[in-house]
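Hi! Here is the structure I promised to pass on.

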Amino acid sequence: YDKVVEIIARQLQIDTDMIDEHTKIMEDPEPIRVVEMLMAMEDSFGITVPDEDIEELVTVSDIVEYVESNM
């Protein structure tokens with residue numbers, strides 16, 4: 001969880017205190033930052049996020065669960 005939050009905060013340029021498990025990540029107004037965040041997740045955790053799975057990753061909790069189940 002902490003590593004995911006750290007990556008999200010860095011890529012979306014927000015403070016980690018602004019992020020909790022219910023934070024909706026895909027509402028970022030700059031889609032390129034979301035893509036960069038997902039690429040950083042792939043690199044950090046050694047996973048691949050296919051395009052068809054992206055729409056399921058709405059909240060931080062969704063991303064954490066996805067990472068854990070695909071590592």
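**What I found**

Let's start with Thr59, which sits in the loop between helix 3 (51-54) and helix 4 (60-70). Helices here are DSSP runs of H or I with at least four residues, numbered from the N terminus. Before going on, a word on the source: this is a predicted model, where local features need pLDDT of at least 70 and side-chain atom pairs count only at pLDDT 80 or more, while totals for chains, interfaces and linings use all residues. Residues are numbered from 1 along each chain as its sequence is written, and side-chain values use heavy atoms, with hydrogens and water left out.

Is Thr59 buried or exposed? It counts as buried because its relative accessibility is 14% (buried is under 20% relative accessible area, exposed is over 50%, and partly exposed is in between, with a 1.4 Å probe and protein chains only). Leaving aside residues up to four places away in sequence, Thr59 touches Glu21, His22, Thr23, Lys24 and Ile25 (contact means heavy atoms within 4.5 Å).

Next, helix 1. Its buried residues are Val4, Val5, Ile7, Ile8, Ala9, Gln11 and Leu12, and they pack against helix 2 (31-45) and helix 4. Leu12 has a relative accessible area of 3%, so it is buried. Just after helix 1 comes Gln13, with a positive phi of about 55°.

How many salt bridges does a search of the whole structure find? One (a side-chain nitrogen of Lys or Arg within 4 Å of a carboxyl oxygen of Asp or Glu). Glu6 forms a salt bridge with Arg10, and their closest N and O atoms are 3.7 Å apart. Because they are four residues apart in helix 1 (residues 2-12), about one helical turn separates Glu6 and Arg10. Glu6 is partly exposed at 38% relative accessibility, and Arg10 is partly exposed at 45%.

On to helix 2. Arg33, Val34, Met37, Leu38, Ala40, Met41 and Phe45 are buried there. They cover an arc of only 160° around the axis, so they lie on the same side of helix 2 (the arc is that of the directions from the helix axis to the C-beta atoms). The buried residues of helix 2 pack against helix 1, helix 3 and helix 4. On the face turned away from that buried side you'll find the exposed residues Pro31, Ile32 and Asp43. After helix 2 comes Gly46, whose phi is positive, near 65°.

Happy browsing!

Definitions and conventions: Helices (H or I, at least four residues) and strands (E, at least two) are DSSP runs, numbered from the N terminus.
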